[in-house]
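Open the model in your viewer and keep the selection panel handy. We'll go stop by stop, and at each one I'll say what to pick and what to look for.

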Amino acid sequence: MDLASFVGIISGLSLIISAIFLGGDSYNFINIPGLMIVFGGTLATTLITFQFRDVYAAFKAAYFVFSKDKEDPNQAVATMIKLSRISRRQGLLHLASVKTRSLFLKKACGLLADGSSEEVIRAALTTEIQSLQMRHFIVQDVFRKMGIYAPAFGMLGTLIGLVQMLSHLQDPSHIGPAMATALLTTFYGSFLSTLFFLPVAGKLRSRTVIEIMNLEIIREGAISILNNNNPVIIYETLSSFISSRLRQPLDQMNLKD
């Protein structure tokens, strides 16, 4: 599990809930009409904006992002050096039989085994990367839009509550519930936007950046295997993608086949 996300969500929820309990009765923060306006309105508008499968994919991606650790780019570099050593010993054709769960790496190995030129490999893998960027952009945009819609529906609920309150000024018993709806919808909208939707969109974006970097390492590694197939040169080329502070030395990498 992503530790930073877990700590962030738990600490944020704990502080807000603690503030609510310390300030008085927590039941004052439960308002069914307000929840219907903000939750229902945000979900409905999101489904209007995006296709259902995009919304489903966004929530599925959010689950995997928070439940899985990010991939280490050093591991991608080590993988390409292993492939270089395999191809030096057994030839490029043997790369076709490499077992991997990464479809992108499998495609790179297949292109190398087929004897494709550098231009073909670069074009095919770059298209894959650009396609992934586009898919991930839509997933991130779902949460960005929800981060915009939630406060907007909170404001809409505030207006509804104010209208209800002003229309019952002659009856003081209706003023309290209407005022609660007016204020709590704004609270719900801001709460969802700032603690969930926008942070999730940011987390998805940061994971996309890392995933793209790993794919670019594989692409450039495949081209290096085709051109020179020297593990040291491949390491020097691919490690440039990684910050020097996070870069793992070649002699400390796990390069066992």
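This is a predicted model: local features need pLDDT of at least 70, side-chain atom pairs count only at pLDDT 80 or more; totals for chains, interfaces and linings use all residues.

Residues are numbered from 1 along each chain as its sequence is written, and side-chain values use heavy atoms, with hydrogens and water left out.

**Stop 1: N227**

Select N227, which sits in helix α7; helices here are DSSP runs (H or I, at least four residues), numbered from the N terminus. With a relative accessible area of 47%, N227 is partly exposed.

**Stop 2**

Is E220 buried or exposed? At 15% relative accessibility, E220 counts as buried, and R219 is buried too. The side chains of E220 and R219 meet in a salt bridge, 3.1 Å from N to O. The term means a side-chain nitrogen of Lys or Arg within 4 Å of a carboxyl oxygen of Asp or Glu.

Show what surrounds E220: leaving aside neighbours within four places in sequence, E220 is in contact with R122, L238 and F241, where contact means heavy atoms within 4.5 Å.

Next, select R122 and E118, another salt bridge, with the closest N and O atoms 3.6 Å apart. These two are four residues apart in helix α6, so about one helical turn separates them. R122 is partly exposed at 30% relative accessibility, and E118 is partly exposed at 25%. Color E118, R122, R219 and E220 together: salt bridges that share partners join them into one network.

**Stop 3: E128 and K107**

A search of the whole structure finds six salt bridges, and one of them pairs E128 with K107, the closest N and O atoms being 2.8 Å apart. This pair links distant parts of the chain, with E128 in helix α6 and K107 in helix α5, 21 residues apart. Both ends are partly exposed: E128 at 31% relative accessibility and K107 at 33%.

**Stop 4: the crossing of α3 and α6**

Show helix α3 (residues 52-67) and helix α6 (residues 118-166), which pack at an angle of about 95° with their axes 8 Å apart. That makes α3 roughly perpendicular to α6 (the term covers 65 to 115 degrees). The axes are lines fitted to C-alpha atoms over the stretch in contact, and angles run from 0 to 180 degrees between N-to-C directions.

Which residues in α3 meet α6? Select D54, A57, A58, F59, A61 and A62, then I138, V139, V142, F143 and M146 on the α6 side. By class, this contact has ten nonpolar, no polar and one charged residues.

**Stop 5: the cores**

A nonpolar core is a set of buried Ala, Val, Leu, Ile, Met, Phe, Trp, Tyr and Cys residues joined through side-chain atoms within 4.5 Å. The largest one has 33 residues, and V77, M80, I81, L83, L95, I121 and M253 touch the most other members. Elements giving two or more residues to this core are α4 (73-90), α5 (103-113), α6, α7 (172-227) and α8 (231-238).

Zoom in on M253: beyond its neighbours within four places in sequence, M253 is in contact with N74, V77, A78, I81, Y235 and Q248. Apart from this core lies another, of 19 residues, including V38, F50, A58 and F197.

Note on methods:
Angles under 35 degrees count as roughly parallel, over 145 as roughly antiparallel, 65 to 115 as roughly perpendicular and the rest as oblique. Ala, Val, Leu, Ile, Met, Phe, Trp, Tyr, Cys and Pro count as nonpolar, Asp, Glu, Lys and Arg as charged, and the others, Gly among them, as polar. Buried means under 20% relative accessible area, exposed over 50%, partly exposed in between (1.4 Å probe, protein chains only).
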